[in-house]
Amino acid sequence: MLLPILVGVRGWQRIRLPARDLAYCFLLGTLGVAVSNYFYYVAIQRTSVATAIIVQYTAPVWVLLYVVARHQQKLTPQKTAAVVLAVTGIALVIDLFKDLFGARSSATLRLDAYGLMAALLASFSFAFYNVAGHRILARYDRWRVLVWTLTAAATFWLFVNPPWKVAGAHYAAAQWLFLFAFSMISVLGAFSLYFLGLQHLEPTRAIIASCLEPVFSILLAALLLGEVLRPIQTLGIVFVLAAIVIVQRPSRTSAEGGPVVVEPIE
């Protein structure tokens, strides 16, 4: 859907990429976007939603360790506190501790080695596309990067789940309409906004802000489905919000004229 629209509105010259950067986008789309989603769903299937979410959202830890190891940023108490708060907040939001130590543990917590490995790979992949996405978005407009990233992800899925398998599911018209709306809002809309954030935020800040995803899931479930928001979940939401506020505050380094994030250019 996005490719013909961009060609019609912008013209081919404004969306084409050099071969090297096109290959980079294909790595971003397969090893980042597609693989992250694939292993995340495998983790849900083999363990539980709570386990999959908390392991995937250790991604801020990997991003922070990567940028520090590459000497792109310094390991400051501010960033460390934000990462710890974000991961702890998500654990509280999804009530993981009750799954681990409560009465529900035997019924709901299913620890599976392959499932846990899949969740960990999903977190590595999530961290990868934050770092790699920020790097290429500093040089190109987000629509140009997004269209080729999604093209790569779509190509990956054509091999993993080919069209004849999809056709063999015999979806009803209403189900096709739902899938179309879901792809436009939750995939195209979500990724275009997230890539916009990656243009203007360093990877650590962007990925910590993304920790709001499970928070909003819980809040929407409470508002739309009538689920009860427990006090421990409220505390988790406060932790995640605190992490985002902490990591977005100007650090002493930037206040003293240290490295700044360069605005992206076309």
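Which side chains meet in a salt bridge of 3.5 Å, N to O? The side chains of E202 and K79 do. A salt bridge here is a side-chain nitrogen of Lys or Arg within 4 Å of a carboxyl oxygen of Asp or Glu. The model is predicted: local features need pLDDT of at least 70, side-chain atom pairs count only at pLDDT 80 or more, and totals for chains, interfaces and linings use all residues. Residues are numbered from 1 along each chain as its sequence is written, and side-chain values use heavy atoms, with hydrogens and water left out.

E202 lies in the loop between α11 and α12 (203–209), and K79 in helix α5 (residues 77–93), 123 residues apart. Helices are DSSP runs (H or I, at least four residues), numbered from the N terminus. E202 is buried at 13% relative accessible area. K79 is buried at 9%. Buried means under 20%, exposed over 50%, and partly exposed in between (1.4 Å probe, protein chains only). K79 and E202 also join R205 in a network of salt bridges.

The whole structure holds 4 salt bridges. One of them pairs D141 with R10 at 2.8 Å, N to O. D141 sits in the loop between α8 (113–137) and α9 (142–160), R10 in helix α1 (residues 2–10), 131 residues apart. D141 is buried at 15%, whereas R10 is partly exposed at 23%.

R139 forms a salt bridge with D21, with the closest N and O atoms 3.1 Å apart. R139 lies in the loop between α8 and α9 and D21 in helix α2, so the pair ties together parts 118 residues apart in sequence. R139 is partly exposed at 39%; D21 is buried at 8%.

Definitions and conventions: Helix = DSSP H or I, 4+ residues; strand = E, 2+ residues; numbered from the N terminus.
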